[in-house]
Amino acid sequence: MSKLKLLVSIIVLSVLLFSCLNEEGDRERIVEMTIYPETGYGGSLMSDVWTQPLLFSDSEDNQKRNLTDIIMEDFDFNYERGYEYLFKVKKIWMQDPPQDVSSVKYVFIELLNKEKVILADSEKDIELFVSSETVKFTPKYPYEFEDDETLKFYDAMLVKETGTDSWMALPKIEGFDFEKGYEYALDVKKITQAEPYSV
């Protein structure tokens, strides 16, 4: 009988300790977040439409990545391509995040710096692989609208620079006629204009 009481006591203690650990709440830390001067390409987990998400990293994780499916609170700034932004933010690891978003969210504290970093026009020769598929794409910086103020959507080419794994959605490549169902390898010139910013 005493063994049974001991076993029951251990089970009750384990349940109490486990529930206390679960109630510790969200972890948080103050970090610096960088928003980069050029946007990425991609879409939300819940959408098959590609767009141009912001690229970011933070002082704990220097890996540059798309700002998609991440909760951002109290950020009210007008992003301009060509500028790099540095923010002081609260990084929160959520115990119970909403479904289909990252378990990390960022809360704005203050803008530390905004600096124009793309100052001169540039040209670069690159090789592109063009997939036989297309994707739905809507530009974001700036948005493009139809006549009735609805967002404009393109059947965009799915391309990547040879030697990389970063896919892009391009509505057109000047001087190239895409035919669906065919793959292409192209030598192209990437032209970046500093003012007004365009690629």
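Analyst: Lys114 lies over the face of Tyr83, 4.7 Å from the ring centre, where a charge sits over a ring if NZ of Lys or CZ of Arg is within 6 Å of the ring centre and within 35 degrees of the ring normal. Arg27 lies over the face of Trp93 at 4.4 Å from the ring centre. This is a predicted model, in which local features need pLDDT of at least 70 and side-chain atom pairs count only at pLDDT 80 or more, while totals for chains, interfaces and linings use all residues. Residues are numbered from 1 along each chain as its sequence is written, and side-chain values use heavy atoms, with hydrogens and water left out.

User: How many aromatic pairs does the structure hold, and how is such a pair described?

Analyst: A pair of aromatic rings is described by the distance of the centres and the angle of the planes. Rings of Phe, Tyr and Trp (its six-membered ring) pair if their centres lie within 6.5 Å, and planes under 30 degrees apart count as stacked, over 60 as edge-to-face and the rest as tilted. The structure holds 14 aromatic pairs. Tyr41 and Phe137 have ring centres 6.1 Å apart and planes at 40 degrees, so this pair is tilted.

User: Is Phe137 buried or exposed?

Analyst: Phe137 is buried, at 3% relative accessibility, whereas Tyr41 is partly exposed at 23% (buried means under 20% relative accessible area, exposed over 50%, partly exposed in between, with a 1.4 Å probe and protein chains only).
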